[in-house]
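Please read the following walk through the structure with the coordinates open beside it.

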Amino acid sequence: MKGLASILGRYIGAAVGVGLILVVLNFGVVVGFVLNSAHAEPIRYVPVEKIAAGIERQENGQITVAEAVWPVLQEHYAWAMQLNDSGEVIWSDRMPPELPQVYTASDIAGFSRWYLNDYPVTVWSDEDGLLVLAGEPGSQWKYMMESSMTMLQYAEVWIPAALLLNLCAALLLALLLGWRMYRAALPLAQGISDLAQGKMTRLSERGVFRALSADLNRASDQLLNQRTLLQKRDRTRTEWIAGVSHDIRTPLALVQGNAAQMEADAALPHETREKARIVREQSQRIGRLVSDLNLASKLEYELQPLHVTAFHPATLLRAAAAELLNGLADERIRIAVDIPPALNHLTVCADETLLLRAVENLLRNSALHNTGEVQIQVRLEADEQTWRIIIADDGSGLSESTLRLLYAPAGESLPQHGLGLVLVRQIVDAHGGAVRFINRNPGLLAELSFPVYRETERG
Amino acid sequence: MDSIYECSVLVVDDETALCGMIAQMLSQAGFRTVYTAHSCEQARCVAAQRQPDAILLDVMLPDGDGFSLMQELRRARDMPILFLSARDADTDRLHGLGLGADDYIVKPFLPQELILRLTAVLRRSYSSVLHTEEEKLVLDDTVIDWGSGTVHRGDAVLSLTAKEYAILRKLADNRGNIVTIDALCRAAWDDDTFGYENTLMVHIRRLRAKIEQTPSKPRWLLTVRGLGYKLVREKSV
């Protein structure tokens, strides 16, 4: 399931991608927020020590405020005061009247951390005393954080460790979810693969993909039904043709037998015997046609099992040529069988009866579909990959339409003419071979080539 | 028995017209006794009463199948049986021959083919009880006596070797037809591999020396180049 492993990889990759996108997105949001806040409320912060440096106690005890400090105080602080070491207010600016003028150490400790009467305050201590700057109530949030140093040192290790843990957890989770998905999808993929190979599939209709599984089961049922119907139809058709082919043989035997007897009867007039010859020849032709049709329909629907045996094609070619010459006894037909001496020993594995039929059909086609003298050449060739039977004549060749029919893809209905040659193609196809019909002008060349499965030499 | 044509033949086929036609063919070919039957039942009766020497048996009969009938008849008496069937599938043919039939002829057939195959089976089956060889091969002034395996020309008597006899017999059985090199090798050596081709040529040359007037220009035993040999028929006058 290489495909599924790749899906799993992509799934984990996607999960990592999602994590990265979230990090980047959040970082962007934070940056955006900060920039936006800065824009809405420009940084006004002037360090408190600078303000403190601008507020000085003179030797006479007077407090002087530098010119530059005033606008800062005015603009950014609600009020300000300076305490001496005894906690007494020695200077103030816009200080609310309800606030005390003297502060104890605990007061100072309290507001320096938190608030003074709800005013968020900032303090700065120097040799002049303690400067207290107050913002508007509700304008600042203050929170004190404390931590031991040990914890702070540990944090250097713990924070990266926690991040790493997060990363590992995210990866593991992605892997786990991906694996679960993979497990759930595995039978589904197997089912689809089975369907593609024409096998039936039955999946459990549970889990994440139950709807898909149910659909696949339905598709499989439908395919099975269709295939059964098709097979039934093909079988019926083939059986019907086989039945007709069987039933026609007895009447044909009668026609042929009686015609042959009349043909041989010397007491009959020559004309009558000639007519009897025609009847005999044509009934033989019908017999061959029916037999071809029967075999073609069986091969078409793959109902003809191949009886593969080892034999010498040279012997088969000579037998077929001799059979035709003996049967036709026609002086105008000449057959030259050209078999290189080395190929007399060639042994091949194929269905000998079917191949003999193919060769007979080719020879008969050359002999009977040409008028006048016909020279037929029969050749046997072989190399390491293929062995070939070549049958060529010097007759009129085939029409373009018949040639097209011969190359029509398997499964198309059988043609009305040229059945004998279509049968040749089917027989070669059934052996995993290839056939070529070439108009040589003049003449037709048929080349049947078969893969070499086993080749032995016998002395 | 002087001749295979003395053999009685039973033809079993449910098609009466076909039965009649075959009986006529056999009579014309010279067979003196031909019986017909149209069912298993009739065939059993005739076989028991007349004890035919050979049976031509259809595979599909109205009251049973020829395969079973053959086994039944063979149990009673051993005799050559040839199937005559409209079933042409390899499986049927192999089944019939596998059961021990002497031949399996598919319909439709030519009369000569039927007669040739029947006589071949009879000759094979009854060779031991044939008192005299039923025929001699006559080629002009040369006579081949199959019984003694000799060639008579004038006063001279030449013997045929076993291989020459087998080759000439095969050619004579298929007289007028081309017999391939492979078929001749099979007849003489029971092997159709091509290794015997040269030896076969030597035997043919010797045969020609014995049966031809002018062996270098043979009149009877002709070579068909690339295919085999042929013993020509006597020219009809």
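In chain B of this predicted model, B:Leu139 stands opposite B:Thr142, a residue of strand S9(B). The two strands concerned, S8(B) and S9(B), run antiparallel and are joined by four bridges. They form a hairpin with two residues between them, and in that turn B:Asp140 has a positive phi of about 55°. On from there, S9 (residues 142–145) of chain B pairs with S10 (residues 150–153) of chain B, again in the antiparallel sense and over four bridges; within this pairing, B:Ile144 has B:Val151 of S10(B) as its bridge partner. These pairings belong to an open, antiparallel sheet of four strands in chain B, whose order is S8-S9-S10-S11. Its edges are strand S8 (136–139) and strand S11 (156–159) of chain B, each of which pairs on one side only, and the twist from one strand to the next averages 20°.

Chain B also holds an open sheet of five strands with parallel pairing, in the order S2-S1-S3-S6-S7. Here strand S2 (33–37) and strand S7 (103–106) of chain B are the edge strands, each pairing on one side only, and the average twist between one strand and the next is 20°. Strand S1 (residues 8–12) of chain B pairs with S2(B) in the parallel sense over five bridges, and the bridge partner of B:Ser8 in S2(B) is B:Thr33. Helix H1 (residues 16–29) of chain B packs on this sheet, where it touches S1, S2 and strand S3 (54–58) of chain B, and its direction makes about 170° with that of S2(B).

B:Pro108 lies in the loop between S7 and helix H5 (111–126) of chain B.

Turning to chain A, one finds eleven helices and 14 strands. Of its 459 residues, 25% count as buried, and residues 24 or more positions apart account for 62% of those contacts in chain A that have a separation of 6 or more.

Just after H7(A), A:Glu302 takes a positive phi of about 55°.

How is the packing of two helices described? It is given by the angle between their axes and the distance between the axes. For helix H7 (residues 270–300) and helix H11 (residues 419–430) of chain A, the axes come within 10 Å and cross at roughly 35°, and the crossing is left-handed. On the H7(A) side the contact is made by residues including A:Leu289, A:Leu293 and A:Ala296, and on the H11(A) side by residues including A:Leu419, A:Leu423 and A:Ile427. The residues of this contact divide into ten nonpolar, two polar and two charged.

The contact between the chains takes 31 residues from chain A and 26 residues from chain B. On the side of chain A, helix H6 (210–264), H7, helix H8 (313–328) and strand S9 (333–338) each supply at least two residues, and H6(A) gives the most, with eleven residues. That side of chain A divides into eleven nonpolar, 16 polar and four charged residues.

The peptide bond from A:Asn441 to A:Pro442 is cis, with omega near 5°, and A:Pro442 is placed in the loop between strand S13 (434–439) and strand S14 (444–451) of chain A. A:Arg94 has a positive phi, near 50°, and sits in the loop between strand S4 (89–93) and helix H4 (105–113) of chain A. Is A:Arg94 buried or exposed? A:Arg94 is exposed, because 12 other C-beta atoms lie within 10 Å and a residue with 12 or fewer counts as exposed. A:Asn117 likewise has a positive phi near 50°, lies in the loop between strand S5 (115–116) and strand S6 (119–126) of chain A, and counts as exposed with 12 C-beta neighbours inside 10 Å.

Conventions: Residues numbered from 1 in each chain as written. Chains lettered and ligands numbered in written order. Predicted model: local features only at pLDDT ≥ 70, side-chain atom pairs only at ≥ 80, totals over all residues. Axes fitted to C-alpha atoms, helices over the stretch in contact; angles between N-to-C directions. Left-handed = near helix turned anticlockwise from the far one by under 90°. Contact = placed C-beta atoms within 7 Å. Nonpolar A, V, L, I, M, F, W, Y, C, P; charged D, E, K, R; others polar. Pairing = 2+ DSSP bridges. Buried ≥ 20, exposed ≤ 12 C-beta atoms within 10 Å, placed from the backbone.
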